[in-house]
Amino acid sequence: MIRRLAVVIALIILAAIVVHEPEITAEPAASPLDPAKEDLSRVDYPSQRDLDWYPRFIRPNDSLESLFGDDWVYIARFNRIDRRHTYPGMTIKVPRDMAVARAYTPLPKEYEPAKRYAKYILVSLTEQWIGAYERGTLKFSMPAATGKKGNETPTGLFRIDARDRTHTSSLYQTDDNSAQYPMDYAMRFFIDKQNVGYWIHARDLPGKPASHGCVGLFDEPMQNRMYGIPARPVLHDSKKLYDWAVGEADHGPDSGTIELIDGGPVVEVIGENPVYQPAPLRPMVATR
């Protein structure tokens, strides 16, 4: 009887370890409850192949802030992911030297085709990244989420011809179907033969191509308004690019609704969507 009781107690202790410290008993992996089994270490960006990074499993109660302090912003950018989409059970990439994350941009500092233009926007599908150039010199850059497989963002040379600070999608709704999907700080760069407009605008960034063809940028104030997360918005790339590209200084008073504009920046979309490898690109590093 005593021996049987001891066995039961041992099993209870082991179960507690599995629940509270899963990395002690098993190789870290995406949660079996996560149908996507999201592992961003499998997204192959050419600019990261020679960088020293490791896959980091997100455990219960982990957040970008708790793991990386004030540097969470750089880890979010390195992974092309927002805080709403960083959750226990997924895996992200973490540079061993945080200075690498702080200085990271996959786009060239100088871009020859942009030198003819006062303002030029380069979108790399391969890197899921967008850059703002002035006379060929990179002014700033930021991660993006472009069209997913089957809805790829069109490549080529375009020009921004409309702006709409409070745009909403006419085709798609939020996840809970409670509202049309918000597309704050929207800039239209293409209309296809079916009269569907393609925009650069605010959206969620899940760390990989995810849109129906538009180019999405960080906008935590929009996420806070729609979902209540994050409580303290920080990232607002959509507004930064909008103000630079089609702001009132160059294009006059902004009504906040859709307006056609003349002389908007050229937009060049290059590359192909990144490859999502079937296996992790690096061995997992155990974390406590």
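## Terms and model

Two strands pair if DSSP finds at least two bridges between them. Helices (H or I, at least four residues) and strands (E, at least two) are DSSP runs, numbered from the N terminus.

This is a predicted model, in which local features need pLDDT of at least 70, side-chain atom pairs count only at pLDDT 80 or more, and totals for chains, interfaces and linings use all residues. Residues are numbered from 1 along each chain as its sequence is written, and side-chain values use heavy atoms, with hydrogens and water left out.

## Confidence

pLDDT is the predictor's confidence in each residue, from 0 to 100. Its mean over the chain is 85. A value of 70 or more is reached by 82% of the residues.

Residues 5–32 are another matter: pLDDT stays under 50 there. The model gives this stretch 22 contacts (heavy atoms within 4.5 Å) beyond four places in sequence. Where pLDDT is low, the predicted coordinates should not be read in detail.

## The chain as a whole

The chain holds eight helices and 14 strands. Of its 288 residues, 48% are buried. Buried means under 20% relative accessible area, exposed over 50%, and partly exposed in between (1.4 Å probe, protein chains only).

Take the contacts between residues at least 6 apart in sequence: 66% of them join residues at least 24 apart.

## A five-stranded sheet

Five strands make an open sheet with mixed pairing, in the order β6-β5-β4-β13-β7. At the edges sit β6 (137–143) and β7 (156–159), each pairing on one side only. From one strand to the next, the twist averages 20°. Axes are lines fitted to C-alpha atoms, for helices over the stretch in contact, and angles run from 0 to 180 degrees between N-to-C directions.

Strands of a sheet pair through backbone hydrogen bonds, either parallel or antiparallel. Start with β5 (residues 129–134): six bridges join it to β6, and the two run antiparallel. Here Ile130 stands opposite Met142 in β6.

How many residues of β13 are buried? Four of the five in this strand (residues 266–270) are, so it is mostly covered.

Strand β13 pairs with β4 in the parallel sense, over five bridges. Tyr120 stands opposite Val266 in β13. With β7, strand β13 runs antiparallel, joined by four bridges. There Leu157 stands opposite Glu268 in β13.

## A helix across the sheet

Helix α7 (residues 237–246) lies across β4 (120–124), β5 and β6. The helix runs at about 150° to β6.
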